[in-house]
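Below is a walk through one protein model, starting from a single residue and ending with the whole chain.

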Amino acid sequence: MVNSLMVKERFLLAKERIWGIESESILQPKCRAYFVNVAQFLKMLCENWSFVEEGKIRQCPAEELKSRNKALYEDILPENYGESYGNPARCAEVFGREYGSILSFLYAEMRSLIPYVFEQRLENVVRGMELFLEMYGSFCCAMEEKGELPDYEALKEIAYWYVSDYTRAATEEKLKDMLDTDSDFALRIIEGDLTDERYLYYFGEYVTENEIRTFRHLNSLSEETLQKMADTYTEGYRIGFLMGNKDITKKKTVNIRYCLGFEPMIKKAVENFRKIGLESTIYRAYSSILQGKSMNRNGYYGAIPNKQFDFDHKDDQALVLDKKLIQVRLEALKEGFEAHKKQAAVFGGPAVQEIFGEALIDLKEKPQALHLSEAQQKLTVEYMSAAGEIQNQYIKGEERSFTIIAFPVPEIGKDFAEIFDEVIRINTLDYKLYQRMQQTIIDTLDKGKYVLIKGMKGNKTNLKVMLHNLENPEKQTNFENCVADVNIPVGEVFTSPVLAGTEGLLHVKRVYLNGLEYKNISVTLKDGMVTDYTCGNFDTEEQNRKYVKDNVLYHHDSLPLGEFAIGTNTTAFAAARKYKIEDKLPILIAEKTGPHFALGDTCYSHAEDVAVYNPDGKEIIARDNEYSLKRKEESGKAYFNCHTDITIPYDELGEVSVVTKKEEVIPVIEEGKFVLPGCEELNIPLEQL
């Protein structure tokens, strides 16, 4: 109680100080304009705090909720972003490169307070307000004492200690949201009344016609269809444990991640999970530097106001990141898990519902934005490796699982309703039919020592992928027969390749990975490791390489080929071609529409020692590669904590052939068609195009 009173007092003091900024004229005009602008935004947040605290949000009409929601986000919308202080280029133009980077960071951090207003997390709001006032005070003091801007390094120091001082609290809060069912802000809304679409505004996320139309579409579906969607999602999660030879009865919680508008389905999923003994945690995708920000939103979220804003600020930690701060973060993570170790032990893993079909945007790499130095990139890699090890101590890889499913949103175009129905059909295809045909493919691949993959029609792919030696082919296999469990929909066979001898060029003319477009991406492999890479997105080779290294290699100098797979879902490919949405498919579906190659860890990361079997009873022995085996000596060198699939579509695929120990070449796919006897049905959707 004392703490909450102290926080309330800090809030009132900060609020009073911010209210007075507009009447002060200490700063030069351009600085005053900036701080007045941000102060006005914080005043709007405080007004919304009272609006939520007093319960008015549940009583006012939809039009007022819509107006308030837009006011919170309109400054960074694409049409306004050119003049926004959130735009690093604009800030650099006004204040110069160095001061512009700090003030743009500060602006972005203030925007990260919006969710805390709606969740009524006062201490989080106060932290941000106090950071703003400390920065403002520094400018005022420097102007009064010297008549100039404050020392740049002193401003960086303020940002540094803000991150350092609050990292422990932020990390503990993040883990609590993921592991503890008491953090139920979103769950209470979802399990409430969903008949009135005003509930969409209660979350505090940006809401557009896209989310409203999504909700209306789901609300128009029959109970049977909604239940079918939820059942596919939750059964995929349950079967994932079963197929992975993991005991789901040890688990008590599941983390649901989804996008606003899908609450009618998510509500039924919560009920389904509860029936199998799992309570749901649902946390928001974070946007503060304290809890980690990136282009990939991890958690639930609404409309993205401006992807360019997210892209411009994804590396804001470059302002403060050093080895000492990495150590603080790791200590905070360890302490947080220790405080929640009981909940972590019964945490089953995430159940993710993705969306696709959003309007595409051509992102620009801005030199004025903050970027990690090479040293900071290495620190980031070190942190991800160490953090992965800490997490695995408390949430054991050999005991957890996941599932992912995806649905389109109205932005996909005029055929939204038809595409939605088609995706439901794709997500519920007869897995036994695919299981049989995929077994035919696996039986053929198991005869080989390596696989050849070649592109066509301008695709320059020419790869040789080495396979593990099967000492007992009667009881062992290299490939998993993957149906609709962890990765929905059905349709792939995959393996962890042997790295030694795996070599060649992987090339795709156009692909979307984690929401980012890559034109003519190419990756060169030698002994299973990336030795070169580029794309054709930008004017200079330096920009192209940086784009791939930052967003595909995740700052690693190299990554291994962690997975080779053959997607078999020609139905999904044909549907995408029919509706001309190939460029909008999420990787979850796209990876089933041709062979794909994952850079990073294997699919069995942290669970390699758990024996898994195909439906035919054979053990899948290809769970390790030369890197993951290092866990037995030094686990910190075994994992890369990333896994990015790159798919070659059927119509760019010239050949997939397996080469046996006797050098016999057996074609599996030729010119985009499956040629093995027993797999003819896979070609029917392709022939109908």
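Which residues does Asn87 touch, not counting residues up to four places away in sequence? In this predicted model, the residues touched by Asn87 are Tyr81, Gly82, Ser104, Asp312 and Lys366. Asn87 itself sits in a loop, the one that runs between helix 3 (62-73) and helix 4 (88-95). One of its contacts can be described at the atom level: a polar atom of the Asn87 side chain is 3.3 Å from the backbone oxygen of Tyr81. The relative accessible area of Asn87 is 7%, and the cut-off for a buried residue is under 20%, so Asn87 counts as buried.

Burial can also be followed across the chain. Of the 689 residues in the protein chain, 60% are buried. The accessible surface amounts to about 27,600 Å², and carbon and sulfur atoms account for 50% of that area.

The overall dimensions come next. The radius of gyration of the protein chain is 26 Å, which agrees with a compact globule, because a globule of 689 residues would have a value near 26 Å. Along the principal axes, the C-alpha atoms occupy a box of roughly 85 × 50 × 50 Å.

Terms used: Residues numbered from 1 in each chain as written. Predicted model: local features only at pLDDT ≥ 70, side-chain atom pairs only at ≥ 80, totals over all residues. Heavy atoms only, no water. Rg over C-alpha atoms; globule rule 2.2 N^0.38 Å. Buried < 20%, exposed > 50% of the residue type's maximum accessible area, 1.4 Å probe, protein only. Areas by Shrake-Rupley, 256 points an atom, 1.4 Å probe, with all protein chains shown as cover. Helix = DSSP H or I, 4+ residues; strand = E, 2+ residues; numbered from the N terminus. Polar contact = N/O pair within 3.5 Å; in protein donor to acceptor, adjacent residues only side chain to side chain. Contact = heavy atoms within 4.5 Å.
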